[in-house]
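The entries follow the order in which I checked things.

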Amino acid sequence: MLFEQIDFKEGSYLHDVTITLAATDAGIGVSHIEYSLDNGATWKRYEEGLTVSKEGKNSIQYRAIDKVHNVSETKTIEVFITSATIENAISLVKQAKGNNGIKTSLSAQLEDVIKTFEKGQKNKAYQSLEKIYSHTNKFTNKDLEEVDKKEIMFMLQYILEHQSANSGDESPALLAS
């Protein structure tokens, strides 16, 4: 089983995750692998790369079937996906290790971006988000621990890079987790 590299230190991903499953059988050989996304209620034949995209905790069960139809023990893996929202960026800021004044200021600036989105001023909101991103990049380890800074910037960058995909009525700031 292979995973992509995790995006956040608590073990979650910011985007769809593709999982590669493999099995071996020293005896007759593996016929195929099956997986279930609904706690074993239904099973699907695994082909190549299983993509998980649902936000939150995703439990994937899988098992191998050999060429004489023996079924292996079912195993379970969990994949956690965090949505790229400004609310989730604020959560990252609040959980970060660093200067409390910096964290409070950064959270307040992100809250202001949410209010700007709510007023329908998307361009202004994205411009503010770009300024916050640039400002955050200048923080030192005394301001925000490096790993936390990288995670916050990663989420903000993802929101900025995908703004054209969010051109409908909803904005990333309002797509709460």
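**Entry on Met 155.** I listed what Met 155 touches, with contact taken as heavy atoms within 4.5 Å, and, not counting residues up to four places away in sequence, I found Phe 8, Leu 14, Thr 82, Ser 83, Ala 84, Thr 85, Asn 88, Ala 89 and Leu 92. I noted that Met 155 and Leu 14 are 141 residues apart in sequence, yet 7.4 Å apart in space, C-alpha to C-alpha. Met 155 lies in helix 4, where helices (H or I, at least four residues) and strands (E, at least two) are DSSP runs numbered from the N terminus. Met 155 counts as buried at 1% relative accessibility, the classes being buried under 20% relative accessible area, exposed over 50%, and partly exposed in between, with a 1.4 Å probe and protein chains only.

**Entry on the source.** I keep in mind that this is a predicted model, in which local features need pLDDT of at least 70 and side-chain atom pairs count only at pLDDT 80 or more, while totals for chains, interfaces and linings use all residues. Residues are numbered from 1 along each chain as its sequence is written, and side-chain values use heavy atoms, with hydrogens and water left out.

**Entry on helix 4.** I read helix 4 as residues 146–161, 16 residues that reach 22 Å from first C-alpha to last, close to the 22 Å expected when 1.5 Å is multiplied by one less than the number of residues. I found several buried residues in helix 4, among them Asp 148, Ile 152, Leu 156 and Leu 160, and what covers its buried residues includes helix 1 (86–95), helix 2 (100–118) and helix 3 (122–137). I also checked Glu 151, which lies in helix 4 and is buried, with a relative accessible area of 7%; leaving aside its neighbours within four places in sequence, Glu 151 is in contact with Asp 7, Phe 8, Lys 9 and Leu 92.

**Entry on Ala 125.** I placed Ala 125 in helix 3 and found it buried, with a relative accessible area of 0%. Beyond its neighbours within four places in sequence, Ala 125 is in contact with Val 113, Thr 116 and Phe 117.

I traced five strands forming an open sheet in the order 1-7-6-3-4, with mixed pairing, where two strands pair if DSSP finds at least two bridges between them. Strand 1 (12–13) and strand 4 (44–45) stand at the edges, each with a single partner strand, so one side of each is left without a neighbour in the sheet. Strand 3 (residues 30–36) and strand 6 (residues 56–66) run antiparallel and are joined by six bridges, and Ser 36 stands opposite Gln 61 in strand 6.

**Entry on salt bridges.** I counted two salt bridges, each requiring a side-chain nitrogen of Lys or Arg within 4 Å of a carboxyl oxygen of Asp or Glu. In one, Glu 34 pairs with Arg 63, the closest N and O atoms being 2.7 Å apart; Glu 34 lies in strand 3 and Arg 63 in strand 6, so the pair ties together parts that are 29 residues apart in sequence. Glu 34 is buried at 16%, and Arg 63 is buried at 19%. Glu 78 and Lys 57 also meet in a salt bridge (3.2 Å, N to O); Glu 78 lies in strand 7 (residues 75–81) and Lys 57 in strand 6, so this pair ties together parts that are 21 residues apart in sequence. Glu 78 is partly exposed at 40%, and Lys 57 is partly exposed at 49%.
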